[in-house]
Amino acid sequence: VPLKPCRNLVLYFHDILYNGKNAKNATSAIVGAPQWGNLTTLTVNNHFGDLAVFDDPITLDNNLHSRPVGRAQGFYLYDMKNTFSSWLGFTFVLNSTDYRGTITFGGADPILTKYREISVVGGTGDFLMARGIANVSTDAFEGDVYFRLRVNITLYECY
Amino acid sequence: VPLKPCRNLVLYFHDILYNGKNAKNATSAIVGAPQWGNLTTLTVNNHFGDLAVFDDPITLDNNLHSRPVGRAQGFYLYDMKNTFSSWLGFTFVLNSTDYRGTITFGGADPILTKYREISVVGGTGDFLMARGIANVSTDAFEGDVYFRLRVNITLYECY
Amino acid sequence: VPLKPCRNLVLYFHDILYNGKNAKNATSAIVGAPQWGNLTTLTVNNHFGDLAVFDDPITLDNNLHSRPVGRAQGFYLYDMKNTFSSWLGFTFVLNSTDYRGTITFGGADPILTKYREISVVGGTGDFLMARGIANVSTDAFEGDVYFRLRVNITLYECY
């Protein structure tokens, strides 16, 4: 049986990493690092081993200052020494007039490649029992402190 | 097709966090913390950034000293600065006459809200290929050292 | 409806843990540890609380030097004080003539027991929407620095 998409959403989330000076604005913080790293600067070797916890605003467009429709919450880690690559476990907690419920994601994100797909592994509320994939792209970044991800979600199980 | 629940379980698990003095009884330990935190005390700002690993006893009722039917194993992290909220990835490893197998969970837990649902993302043994949701509530807590979660699991895929 | 497997794969992955002296060869590093631990040596109490990030080569046979067909990327943590046990969240990123796509896993791995099954929670590419289980066994290890896992994957949902 060929799979047919039953729902599509495009959302953005915005990550501002704590760097020792931006405690007020930061939405994420490094909480684990390898022996050669530290908790205020992403480490050498493509940040291999850095682990960050985040609570990032989700918006419908690419503007950090648009009204958030929810929060992206969870963690990401950098896991390759010779290129940028990450692994993410997180949930979109959506709480707006359009969407109410959660979508949980897990998977590897090979940051510098063209196709970056992670798995949708579960959901609640409007997204009860959701499954599918999310195409992730870096919509913008500023040094090591800010990045914005565009997440194009395709669900193949909807109820 | 409307979803129909095929199985329901209610279980409790008990978490005793290492605080520097309770090494014998502790069932969990902080292993990651932000730059302003440490590994024996949950940090300020609603514990934002603290990451704990746990191996907690699971019981059928709310008594810590009841005979365990398995272990809840994995990690939780606190991910909001302005309220208590966590993200969990863990597995119920069940090994009793009633249940034999595992149930794996992932998702955001907005601790202070009324409805706290995380996703059941997989299972093995008696719970092979399980999927569904788990309603989580804090059944009790004592300061930062002990909490007990009631987990009401609804599976929508059973085999 | 009884479940029927639709696909089976056996793959190996190889983990070389950073110990302070093997930066070049290491494929993983401890990035979180409990208060009594450190980032270059696995800790006492069966490594309880140690959290490692990894990017390990995947091979078709048990030879570390065989041509990799992909990378196993993610994290593992040790979560029991009185025996060896771990919890893993990771993705097989496969990129060979045989396999192209990802398989994402999550679950508890009771290292010293006979049956060690974790869940396949999602997939992309050739493994779009994969679900199933993976039987894991330690094929070899050398002290605390090297281990090789044999992963026998059974999928019950294939598209």
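Below are my notes on chain A and on how chains B and C relate.

Ground rules first. This is a predicted model, where local features need pLDDT of at least 70, side-chain atom pairs count only at pLDDT 80 or more, and totals for chains, interfaces and linings use all residues. Residues are numbered from 1 along each chain as its sequence is written, chains are lettered from A and ligands numbered from 1 in the order written, and side-chain values use heavy atoms, with hydrogens and water left out.

Entry 1, the fold. I looked up the secondary structure of chain A and found zero helices and nine strands (strands are DSSP runs of E, at least two residues; helices are runs of H or I, at least four). The radius of gyration of chain A is 16 Å, close to the 15 Å from the globule rule for 159 residues, so chain A is as compact as a globular protein of that length. That radius is taken over C-alpha atoms, and the rule is 2.2 Å times the number of residues to the power 0.38.

I checked chain B against chain C: a rotation of 120° with 0.0 Å of shift along its axis superposes them, RMSD 0.0 Å (least squares on C-alpha atoms of residues with pLDDT of at least 70 in both). That is the relation of a three-fold axis. Which C-alpha in chain B is nearest the axis? I noted Gly32(B), 3.1 Å from it.
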